[in-house]
Amino acid sequence: RDVIVDHNRRPRNRGPLPSANHRAEGNNPLCGDQLRVYVDVEHDLIRDLRFEGTGCAISTASASLMSEAVKGKSRAEAAALFDAVHRMLTGGGDAAGAGLGKLAALAGVREFPARVKCASLCWHTLNAALAGAAQPVTTE
Ligand code: ZN
């Protein structure tokens, strides 16, 4: 929980990203979380990533943790992380989030199904950005 509190109070990589060549918007109507994700991708590498938006502590902390986790990763590595995080959040995989580093701080969210969408919103938005989606994504 300390990691979540810290990343909510002092979000990493928050703000605009002028060099972004991919971007997407995401909404979680259930909670009211709104997020914009900016990504600077060169070839297959996520060189930089920032986010803006308003949302609850879980959505903000998750976006901050995600930004640290995927920066410098390839698209395939980011997709693999999303899979692992999704399994951790929905109970299909390792509940403790082994091998996920700080992202494992979100493991406890699975006990609160309504908050799973708060935690996964940033990942869905990142996916949309990397896919070049024109429409905002929604968790509904
Ligand atoms: Zn939320």
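This is a predicted model: local features need pLDDT of at least 70, side-chain atom pairs count only at pLDDT 80 or more; totals for chains, interfaces and linings use all residues.
**Exercise 1. Describe the length, bend and burial of helix α4.**

Solution. 
Step 1, length. Helix α4 covers residues 113-131, 19 residues in number. From first to last C-alpha it reaches 27 Å, close to the 27 Å expected at 1.5 Å a residue.
Step 2, bend. At S120, α4 bends by about 40°.
Step 3, burial. S120 is itself among the buried residues of α4, which also include C118, A119, L121, C122 and W123.
Step 4, partners. The buried residues of α4 pack against the strands β1 (22-28), β2 (33-42), β3 (45-54) and β4 (137-138), and against helices α2 and α3 (75-90).

**Exercise 2. Determine whether the span of α2 agrees with its residue count, and how far the helix is covered.**

Solution. 
Step 1, span. The 14 residues of α2 should span 20 Å at 1.5 Å a residue, and the end C-alpha atoms are 20 Å apart, so the two values agree.
Step 2, burial. Of these 14 residues, 12 are buried, and α2 is thus mostly covered. Among the buried residues are I58, T60, A61, L65, M66 and V70.
Step 3, partners. The buried residues of α2 pack against helices α1, α3 and α4 and strands β2 and β3.
Step 4, what comes next. α2 is followed by G72, with a positive phi near 85°.

**Exercise 3. Characterise the packing of α1 on α2 by geometry and by residue composition.**

Solution. 
Step 1, geometry. Helix α1 (residues 2-9) and helix α2 (residues 57-70) pack at an angle of about 90°, and their axes lie 8 Å apart.
Step 2, class. Angles from 65 to 115 degrees count as roughly perpendicular, so α1 is roughly perpendicular to α2.
Step 3, residues. From α1, the contact involves V3, I4, H7 and N8; from α2, it involves A57, I58, T60, A61, S64, L65 and E68.
Step 4, composition. These contact residues comprise 6 nonpolar, 4 polar and 1 charged.

**Exercise 4. Is T60 buried or exposed, and which residues beyond its sequence neighbours does it contact?**

Solution. 
Step 1, location. T60 is part of helix α2.
Step 2, accessibility. The relative accessible area of T60 is 7%. The cut-off for burial is under 20%, so T60 is buried.
Step 3, contacts. With neighbours within four places in sequence set aside, T60 is in contact with H7, N8, P11, R14, F51 and G55. H7 and N8 belong to α1.

Terms used
Residues are numbered from 1 along each chain as its sequence is written. Side-chain values use heavy atoms; hydrogens and water are left out. Axes are lines fitted to C-alpha atoms, for helices over the stretch in contact, and angles run from 0 to 180 degrees between N-to-C directions. Helices (H or I, at least four residues) and strands (E, at least two) are DSSP runs, numbered from the N terminus. Angles under 35 degrees count as roughly parallel, over 145 as roughly antiparallel, 65 to 115 as roughly perpendicular and the rest as oblique. Contact means heavy atoms within 4.5 Å. Ala, Val, Leu, Ile, Met, Phe, Trp, Tyr, Cys and Pro count as nonpolar, Asp, Glu, Lys and Arg as charged, and the others, Gly among them, as polar. The expected span of a helix is 1.5 Å times one less than its number of residues. The bend at a residue is the angle between axes fitted to the seven residues ending there and the seven starting there. Buried means under 20% relative accessible area, exposed over 50%, partly exposed in between (1.4 Å probe, protein chains only).
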